[in-house]
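Work through the exercises below with the sequence and the model at hand. Each task is followed by a worked solution.

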Amino acid sequence: MYNNEENRTAIKLYQLLSDHTYRAFETKEKNGYKAFCFKGEPLSNWTEVELYPSSHQTEKGKSIGDVYPVEVSAVVVNERCFNIIKPYIQDAAQVLSAKSKKQKLFVLNVTEVRDCLDYENSKLKRFSSSGRIMRIEKYAFHREMLSNAFIFKIPEEVHTHPYVTDSFKNLMEQNGIKGFKFVLVWQDE
């Protein structure tokens with residue numbers, strides 16, 4: 001007898017974070033980073049921002065990667081990284097421009113929001129006053145809602161980091177892209 005369960009490909013999901021062994025970047029204005037606080041929706045009023053290597057004492061001496069950490073809800077990459085991921089993100093992110101002294105940068109506002117969190121099998125910490133989700137302590141996802149996923153956010157966390165699949169992670173690793181940190185949050189085998 002043929003069993004479809006045996007032929008399923010395992011799915012792994014990662015939180016996409018910045019690898020802080022690489023230098024962070026900042027805006028000239030003290031609160032300029034707020035322009036990068038995205039919420040899973042396209043922006044209509046973006047103005048190109050110039051980014052500078054952070055001058056904070058904890059950042060000096062760190063090398064610069066292909067990813068420019070500015071704010072957790074935005075992904076800022078150099079042209080090399082952008083050219084690699086561009087074919088895969090057309091329907092998942094709004095591409096905005098930024099610059100640094102030496103190069104053009106690409107800001108990815110992840111606008112693909114998938115309502116795929118499995119509440120029944122996740123462990124959720126809720127506010128006692130409202131019942132809203134405070135944080136997700138253990139993730140579980142509805143597998144059937146992840147077909148063709150590459151990079152996305154979930155409605156419960158649109159203001160923070162995106163999620164990526166092995167397809168994204170493998171593409172970055174195969175091309176030697178430096179500056180992403182992948183934190184495994186769920187796998188379905």
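**Exercise 1.** State how much space lies in the second largest pocket of this predicted model, and describe its lining by residue, element and class.

Solution. 
1. The volume of the second largest pocket is about 200 Å³.
2. Its lining consists of Phe25, Leu51, Tyr52, Pro53, Ile64, Tyr68, Ser100, Lys101, Lys102 and Gln103.
3. Strand 3, residues 49–53, is the element that gives the most to this lining, with three residues.
4. Sorted by class, the lining residues are six nonpolar, two polar and two charged.

**Exercise 2.** Describe the largest pocket in the same terms.

Solution. 
1. The largest pocket holds about 260 Å³ of space.
2. Its lining has 17 residues, and those nearest the centre of the pocket are Leu17, Ser18, Pro69, Glu71 and Val72.
3. Two or more lining residues come from each of strand 1 (11–18), strand 4 (75–78) and strand 11 (180–188).
4. Strand 1 gives the most, with three residues.
5. The class count is 13 nonpolar, two polar and two charged residues.

**Exercise 3.** Which residues of helix 2 are buried, and why can they be said to line one face of the helix?

Solution. 
1. Helix 2 spans residues 166–174, and its buried residues are Phe168, Lys169, Leu171 and Met172. The cut-off for buried is under 20% relative accessible area.
2. Viewed down the axis of helix 2, these residues fall within an arc of 165 degrees, so they line one face.
3. The general rule behind this step is that an α-helix has 3.6 residues a turn, so residues three or four places apart point the same way.
4. The cover over the buried residues of helix 2 includes strand 1, helix 1 (79–89), strand 9 (151–152), strand 10 (163–165) and strand 11.
5. After helix 2 comes Gly176, with a positive phi near 65 degrees.

**Exercise 4.** Is strand 6 largely enclosed or exposed, and with which strands does it pair?

Solution. 
1. Strand 6 covers residues 104–110; six of its seven residues are buried, so the rest of the structure largely encloses this strand.
2. Strand 4 and strand 6 run antiparallel and are joined by four bridges. Within this pairing, Asn78 stands opposite Leu105 of strand 6.
3. Strand 5, residues 93–99, also pairs with strand 6 in the antiparallel sense, over seven bridges. Here Ala98 has Leu105 as its bridge partner.
4. Strand 5 and strand 6 form a hairpin, with four residues between the two strands.

Conventions
Residues numbered from 1 in each chain as written. Predicted model: local features only at pLDDT ≥ 70, side-chain atom pairs only at ≥ 80, totals over all residues. Heavy atoms only, no water. 1 Å grid on protein atoms, 1.4 Å probe; cavity = no way out; pocket = protein on both sides within 12 Å on 5 of 7 lines; lining within 4 Å. Points joined across faces, edges and corners; volume = space filled by probe spheres on them. Nonpolar A, V, L, I, M, F, W, Y, C, P; charged D, E, K, R; others polar. Buried < 20%, exposed > 50% of the residue type's maximum accessible area, 1.4 Å probe, protein only. Arc of directions from axis to C-beta. Contact = heavy atoms within 4.5 Å. Pairing = 2+ DSSP bridges.
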